[in-house]
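This report walks through a structure, element by element, for a reader who has the sequence and the coordinates at hand. Please look at the display below and then follow the sections in order.

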Amino acid sequence: MYYREAGRLVKSFASDRRMLPLMEDRWIVIAFLAFMYIVVTATASDYLFSAILIPMMVLGVATLGLNIATGYTGQLSLGTAGFMCFGAFAAFNLVLRLEMYLPFAFFFAGVIAGLVGIVFGLPALRIKGFYLIVSTLAAQFFAEWVFNAYPWFLDNNSSGVVALPPHHYKVFLGQESTPFNAVFWHSYQGRYLITLTITLLLVLACKNMVRSATGRNWMAVRDMDIAANVIGISVAKTKLMAFFISTFYCGVAGAMYAYCYIGNLDFMIFNLRRSFLIMFMVIVGGLGSILGSFLGAIFVYGWPILITRMGDWIFGGGTLDTAFVENNSKIVVGTIIIVLLIREPGGFAALWLTTKKKLRSWPFAN
Amino acid sequence: MKTRVMVLASALVAMLGMSSIVSAEETMYVPIPSYRVGPYAAGGTGYFGGILDYYNLLNARGGIGGVKLIWSECETEYSVERGVECYKRLKDREGGAVFFDPLSVGISTALIETGRADKMPIIAVNHGKTAGQRGDIFPYYFMPGINTYDEHSIMVHYIGGLEGGMENLKGKKIAMLFHGSPYGREAIAFMDSMCEKHGCSHEAIEVPHPGNEQQSQWLKIRKSKPDYVLLRGWGVMNPVAMQTAKRMGFPVSRLIGNIWSNSDEDVIPAGGAANGYQAITTHPAGTDFKVVQDIIADVYGAGKGDLQDKSRLGSVYWNLGVLAGVVHTEALRIAQERFGNRALSSSETRWGFENLVLTAERIEELGATGLVPELNLNCMDHVGGHLAKFQQWDANARQWNIVSDWIEGDVELSQSIIDAGAEKYAADNNIEPRPCSADSNDDDFDL
């Protein structure tokens, strides 16, 4: 690589415990964030904000949530979209009924979703693996049922789809009429910046949990729960903690999905298919990796769009049957996933690690 | 290597060739957010196929006021996020789209505010957010045809007709079997007030999704002995309802289906049990219309037809697509009458939709008599039709027969509910209603 790690000695505990021990890594991350905050905000188009960047970040957060339960703690879950749904409805009702400011509503929506997650995570204390999938699947169906059967959650809206009006978009500093809120919510830049900031905070929190005792407990339980128990880790507490944090992330992602992305609340979009897609994102991105969660989300969400756009670009829009293009893009995406997982079962995250390792010793062979 | 260069070169040549053809004449661009794969593909291929077939017919005849339509498709799979992505992707292409019609409540509702900001008409033919009828509050949202409340009042009017007059509904019992979803629930309150007005009693019975088991619901119906059962179904629930009705001895001819229970896909799986089943329709099935015959001759004859399976010509979804094509292009034509025979902007198209009037004579000219209802949209009414017919399924001949003329909905009764919904929306969203009235169409809005 262009920088070497050899011969760098840490001189204090504080620098040893840094999240990014290498100065170059820190600069890369800072440069990336500066790029995202300044260059992208200033130059990207509405299409990029609203159809590419925001959904990718939101889905990345949901994937990260599932990754905490599945990748770090080894608890399989198929209820992700259901938990997102709880988060979205919780945020809506908190804003509607308690007139809460949006960042707080996002936070408490996460907490409410997390509590629901604990309830559906309880069976994890007794059962494992595929059996646990069934229990979390129940969360998915429960969400679809409860928001259908009780229109109260939807403010008794008859059509089942609620538009989220501007008075909902109170961020801070008073009412919707302040220029601050107008700038933030009536432009895609604003929504993008809010999504980016929340995503950044959640990633930082996750990174720190993972490299602290909490995360080590998760991984110990994942690798062998009996051994973890023997060395004094409370398996029950760890599992429930993992479920809480995992569904907290999913809940916040669901609230952001409704408020920052679609601008509508509709329980039909949090269906089982989305749970599966998020699971694919985890698998393709890499189990137990933060970067992988986002790479998986970017790939699974973005690749079909890229393929169809490339098809349009090469062949000219309209000359090819869209069903043909669509089915072919599915075949291509499926093939790439299969090849990737055979060549690199650890997903994109492992691919990145291999690349990094190779670059580290470059230009030498090993 | 050589072949790769050749392929790239020929692709480049093809692209250049195509773009030069396109730029040769004035065109209007329509984005087609179709869904041709996934669980809703049957509806999507039929509807968007019908639209494109009608556009092709018009283009073959020289376009609209000499301006041809061009389009490109984007697959939504009926999912909201893909639909929104398609909208953002296509809206500025080819000098700007003129309107957007996704045939999905989720997508069109998600785009209401975006459409307002972009000055882009969002079209939802025969469905959509009912409050959107109020054009003063939803200037860029159009649902030409009928809305949910029209649908149910027309069904009650039809039952009144079967009983020999609305006054005979007094004391009659009507049950509504509804799909357990927001779509299913939407009509309950309206049916209550409709029955209150006409003196009938109404009972709503829920069938949980997907509805492939309805024993307990029909036992309930057998106990309460309603005179008619309205079927507000979706998917597999419809044939199962017909079969269970037959098993329980309920006459299928007294089972009346709504808009989403009226296609061939709903009755064919029920086999003989569906014989005599009646359903509301905004547009008859079949190919006995001049415009459909023209499409078959001029578009399919020239090998430009969109449907791969030609037996679906004249099916319920395809005919709805033709109807939508007529509605779209007539709005464009009406806008051209004001702004000149040239390519229009999206807000000029909005004016065309708002002033869309389809008289019986115009429909006759288009060769669509019997297929397309008369429409009269204005600033306060973005639905404008409120008309539907009834059809009855003949299981032996495997075809729908039209059994009624156009019946009008109870616009007065639905208006108060629509007003309440729209005014709440306006208050929530800080929207100042435009000055509109029956005689002012707010002509220069946003131009």
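## Two crossing helices in chain A

H3(A) and H12(A) are roughly perpendicular to each other, a label that covers angles of 65 to 115 degrees, whereas angles under 35 degrees count as roughly parallel, those over 145 as roughly antiparallel and the rest as oblique. The axes of H3 (residues 46-72) and H12 (residues 272-285) of chain A come within 9 Å and cross at roughly 75°, where axes are lines fitted to C-alpha atoms, for helices over the stretch in contact, and angles run from 0 to 180 degrees between N-to-C directions. Helices (H or I, at least four residues) and strands (E, at least two) are DSSP runs, numbered from the N terminus.

On the H3(A) side the contact is made by A:Leu59, A:Ala62, A:Thr63, A:Leu66, A:Asn67, A:Thr70 and A:Gly71, and on the H12(A) side by A:Ile278, A:Met279, A:Met281, A:Val282 and A:Gly285; two residues are in contact if their C-beta atoms, placed from the backbone, lie within 7 Å. By class, the residues of this contact between H3(A) and H12(A) are 7 nonpolar, 5 polar and no charged, with Ala, Val, Leu, Ile, Met, Phe, Trp, Tyr, Cys and Pro counted as nonpolar, Asp, Glu, Lys and Arg as charged, and the others, Gly among them, as polar.

## Basis of the model

This is a predicted model, in which local features need pLDDT of at least 70 and side-chain atom pairs count only at pLDDT 80 or more, while totals for chains, interfaces and linings use all residues. Residues are numbered from 1 along each chain as its sequence is written, and chains are lettered from A and ligands numbered from 1 in the order in which they are written.

## A loop residue in chain A

A:Ala124 is found in the loop between helix H5 (102-121) and helix H6 (130-149) of chain A. A:Ala124 is buried, with 26 other C-beta atoms within 10 Å; a residue is buried if 20 or more other C-beta atoms lie within 10 Å of its own, exposed if 12 or fewer, and partly exposed in between, with C-beta atoms placed from the backbone. Leaving aside residues up to four places away in sequence, A:Ala124 touches A:Gln75, A:Leu132, A:Lys239 and A:Phe243. The C-alpha atoms of A:Ala124 and A:Ser77 are separated by 10 Å, and these residues are 47 residues apart along the chain.

## Where the chains meet

Between the chains, 33 residues of chain B are in contact with 31 residues of chain A. On the chain B side, the elements giving two or more residues are helix H1 (2-22), strand S2 (68-73), helix H3 (80-90), helix H4 (105-110), helix H5 (112-118) and helix H7 (182-185). The largest share of that side, 6 residues, comes from H3(B), and its residues divide by class into 12 nonpolar, 9 polar and 12 charged.

## The two domains of chain B

Chain B is divided into domain 1 (25-146 + 286-378 + 420-428) and domain 2 (148-281 + 389-409), with bounds that come from an automatic or database domain assignment. The C-alpha centres of domain 1 and domain 2 of chain B lie 29 Å apart, and their contact takes 8 residues from domain 1 and 11 residues from domain 2. The side of domain 1 that touches domain 2 has 5 nonpolar, 3 polar and no charged residues.

## A buried strand and helix in chain B

In S7(B) (228-232), 5 of the 5 residues are buried, so the strand is largely enclosed by the rest of the structure. B:Tyr228, B:Leu230 and B:Arg232 point one way from S7(B), and B:Val229 and B:Leu231 the other way. S7(B) pairs in the parallel sense with strand S5 (residues 173-179) of chain B over 5 bridges, and B:Ile174 stands opposite B:Tyr228; two strands pair if DSSP finds at least two bridges between them. S7(B) is also joined by 3 bridges to the parallel strand S8 (residues 255-257) of chain B, where B:Gly257 is the bridge partner of B:Leu231.

Helix H10 (residues 237-247) of chain B is mostly covered, with 8 of its 11 residues buried, among them B:Met237, B:Pro239 and B:Val240. The buried residues of H10(B) pack against S5, strand S6 (201-207), H9, S7, S8 and helix H11 (264-267) of chain B.
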